[in-house]
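Trainee: I am new to this structure. Please walk me through it, one question at a time.

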Amino acid sequence: MSIPAPDIPVPSRVRELARGARLSPAWINDLDGLTFRATDADSTRFIKYEAHNAEWSAEAEAARLRWAAPFTPVPRVVCHGVVCHGDACAPNMLISDAGT
């Protein structure tokens, strides 16, 4: 993983789910999956977007984060997959808070 360029294009679905929060790229993985930090007055959360790729699953990523939580600080999964915050999401997206 590495930090992407600050001017990397934000997918439109990420922008919609950010609901006006300030977006900044947090990291890019080896499969070109992007994670953006969404910051507003009340919270910081992460929106992970992976282009359709058979090697990555939002459901599996959520399970890994939930498994790791008792052992180390990780972002808390807010939602993943089809519906996030009452909005249609996508099977290739995951939203988490900033963790503790």
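Trainee: At 11% relative accessibility, does Phe46 count as buried or exposed?

Mentor: Take the cut-offs: buried means under 20% relative accessible area, exposed over 50%, and partly exposed in between, with a 1.4 Å probe and protein chains only. Phe46 has 11% relative accessibility, so Phe46 counts as buried.

Trainee: What kind of model is this?

Mentor: This is a predicted model: local features need pLDDT of at least 70, side-chain atom pairs count only at pLDDT 80 or more, and totals for chains, interfaces and linings use all residues. Residues are numbered from 1 along each chain as its sequence is written, and side-chain values use heavy atoms, with hydrogens and water left out.

Trainee: Which pattern does the protein chain follow along the sequence?

Mentor: Helices (H or I, at least four residues) and strands (E, at least two) are DSSP runs, numbered from the N terminus. The protein chain has two helices and seven strands. Read in order, the pattern is α-β-β-β-α-β-β-β-β.

Trainee: Which ring pairs with Trp27, and is the pair stacked or tilted?

Mentor: Rings of Phe, Tyr and Trp (its six-membered ring) pair if their centres lie within 6.5 Å; planes under 30 degrees apart count as stacked, over 60 as edge-to-face and the rest as tilted. The structure holds two aromatic pairs. In one of them, the rings of Trp27 and Phe46 have centres 5.6 Å apart and planes at 35 degrees. So the partner is Phe46, and the pair is tilted.

Trainee: Where do Trp27 and Phe46 lie in the chain?

Mentor: This pair links distant parts of the chain, 19 residues apart. Trp27 is in strand 1, and Phe46 is in strand 3 (residues 44-49).

Trainee: What about Trp67 and Phe71: how are their planes set?

Mentor: Trp67 is exposed at 60% relative accessibility. Phe71 is exposed too, with a relative accessible area of 62%. Their ring centres are 5.1 Å apart and the planes stand at 45 degrees, so this pair is tilted.

Trainee: How many residues make up the largest nonpolar core?

Mentor: A nonpolar core is a set of buried Ala, Val, Leu, Ile, Met, Phe, Trp, Tyr and Cys residues joined through side-chain atoms within 4.5 Å. The largest one includes Val14, Leu17, Phe36, Cys79 and Ile95. Helix 1 (12-18), strand 1 (22-28) and strand 2 (34-39) each supply at least two of its residues. The core has 12 residues in all.

Trainee: Which residue meets Arg13 in a salt bridge?

Mentor: A salt bridge is a side-chain nitrogen of Lys or Arg within 4 Å of a carboxyl oxygen of Asp or Glu. The N to O distance is 2.5 Å, and the partner is Glu16.

Trainee: Is Lys48 buried or exposed?

Mentor: Lys48 forms a salt bridge with Glu61, the closest N and O atoms being 3.3 Å apart. Lys48 sits in strand 3 and Glu61 in helix 2 (residues 58-68), 13 residues apart. Glu61 has a relative accessible area of 17%, so Glu61 is buried. Lys48 has 11%, so Lys48 is buried.

Trainee: Which residue joins Lys48 and Glu61 in one network?

Mentor: Salt bridges that share partners make this network. Beside Lys48 and Glu61, the network takes in Arg64.
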